[in-house]
Amino acid sequence: MWLHGRSANTIAAYRRDVTRFFASAGRPLMQIQLADLQAFAASMPEVAPATRARCLAAVKSLLSFARRMGYLTEDVGAALRLEKPGAPPVERILAEAEVSRMIGAAPNPRERTVLRLLYGCGLRASEAAALRRRDLTAHRRGGEARILGKGSKLRVVEIPPTLWRELQELQSSPAPDAPVIIGADGRALTRKGIYRIVRRAARRAGLAQAVSPHWLRHSHASHALDHGAPLPAVQQDLGHSSLTTTSRYLHKRAGDSSSKYVPGMN
């Protein structure tokens, strides 16, 4: 009941998080104390701040739900304050040249198009895997895709003309429910399949780090803002709930200054 209505990815992640918590606490839900949550938080120094915050948020959400349902007499997780994760680590934003090498080293049009879709449109791997022909609409400048993102939020993302043509060339069926991204076996490419494509591309490009599809999403945001894209446009395309999240990708360029944009000062 607690996870009813959430996306498949959220359900999977939250199940892993609470399973990890109960293994750490060593006691059932009705016996959980605030000290168990504090010990759990302290046991994850090697975990990325965003992941640690999600783990703790999952546990707090379960405890709060159990209290509302009357299963618990009090919500012991309410007193635990969550850290606000900061900006994404620098190593999770690829340089433009690194992205170009990844795309250029793709062994076939299918994998190249997958990489260009993730980077060019800032999609999550799960969003790209879920795309169906009915989600695509053509227009004179290329096309657009309706994306169902986190929290079941629907957004529309522009697809540039060249990428649009590449996607159309990959299509094997005109059926509305046909997948946009096809795997080597002719079936819909899965989220795991997209991860494998990205990791292979990173190795071919000579990148030592374990690059994931989300790095291309981070890079999309950072590079678009660096080239002058309006912050609200990037927020809308990535499906961020607030400008604060999107603004983490802003970088001050050498020689740039807000004084240059004040009328009459130059």
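Are Arg110 and Glu111 buried or exposed?

Analyst: The model is a predicted one. In it, Arg110 is buried, and Glu111 is buried too. For Glu111, the relative accessible area is 5%. Because buried means under 20% relative accessible area, a value of 5% puts Glu111 in that class.

Next come the contacts of these two residues. Side chains of opposite charge can pair when their charged atoms come close. Arg110 and Glu111 do this: their side chains form a salt bridge, with 3.9 Å from N to O. Glu111 also has a salt bridge to Arg204, where the closest N and O atoms are 3.7 Å apart. Glu111 sits in helix 5 (residues 109–121) and Arg204 in helix 8 (residues 191–204), so this pair ties together parts that are 93 residues apart in sequence. Glu111 is buried, whereas Arg204 is partly exposed, with a relative accessible area of 38%.

The whole structure has nine salt bridges. Another of them joins Arg187 to Asp185, and here the closest N and O atoms are 3.2 Å apart. Arg187 is exposed, at 58% relative accessibility. Asp185 is exposed as well, at 52%. To return to the part you asked about, salt bridges with shared partners join Arg110, Glu111, Arg200 and Arg204 into one network.

In one of them, the ring centres of Trp2 and Tyr14 are 5.8 Å apart and the planes are at 25 degrees, so the pair is stacked. The reason is the cut-off: planes under 30 degrees apart count as stacked. Trp2 belongs to the segment before helix 1 (8–25) and Tyr14 to helix 1, so the pair ties together parts that are twelve residues apart in sequence.

Phe21 and Phe40 form another pair. Their ring centres are 5.3 Å apart and their planes are at 75 degrees, so this pair is edge-to-face. Phe21 is in helix 1 and Phe40 is in helix 2 (residues 34–42), which makes this a link between distant parts of the chain, 19 residues apart. Phe21 is buried, with a relative accessible area of 1%, and Phe40 is buried with a value of 1%. Ring pairs also bring in Phe22, which forms a cluster with Phe21 and Phe40.

What about cysteines? A disulfide is a covalent bond between the sulfur atoms of two cysteines. A search of the whole structure finds zero disulfides. Cys55 is buried, with a relative accessible area of 1%, and Cys121 is buried at 3% relative accessibility.

The strands come next. Strand 1 (residues 136–139) and strand 2 (residues 142–148) run antiparallel and are joined by four bridges. Within this pairing, Leu136 stands opposite Ala145 of strand 2. The hairpin between strand 1 and strand 2 passes through two residues. Strand 2 also pairs with strand 3 (residues 154–159), again in the antiparallel sense, over six bridges. Strand 2 therefore takes part in both pairings, since two strands pair if there are at least two bridges between them, and it has four with strand 1 and six with strand 3. Gly143 has Ile159 of strand 3 as its bridge partner. The hairpin of strand 2 and strand 3 has five residues between the strands, and Gly151 takes a positive phi near 70 degrees there.

Met1, Met30, Met69 and Tyr71 make a nonpolar surface patch of about 540 Å². One of these residues, Met69, lies in the loop between helix 3 (49–68) and helix 4 (96–104).

To sum up the part you began with, Arg110 and Glu111 are buried, and they belong to a salt-bridge network that also takes in Arg200 and Arg204.

Note on methods. Residues numbered from 1 in each chain as written. Predicted model: local features only at pLDDT ≥ 70, side-chain atom pairs only at ≥ 80, totals over all residues. Heavy atoms only, no water. Patch = residues over 30% accessible without salt bridge, like charges linked within 9 Å, V, L, I, M, F, W, Y side chains within 5 Å. Areas by Shrake-Rupley, 256 points an atom, 1.4 Å probe, with all protein chains shown as cover. Salt bridge = Lys/Arg side-chain N within 4 Å of Asp/Glu carboxyl O. Phe/Tyr/Trp six-rings, centres within 6.5 Å; stacked < 30°, edge-to-face > 60°. Buried < 20%, exposed > 50% of the residue type's maximum accessible area, 1.4 Å probe, protein only. Disulfide = S-S within 2.5 Å.
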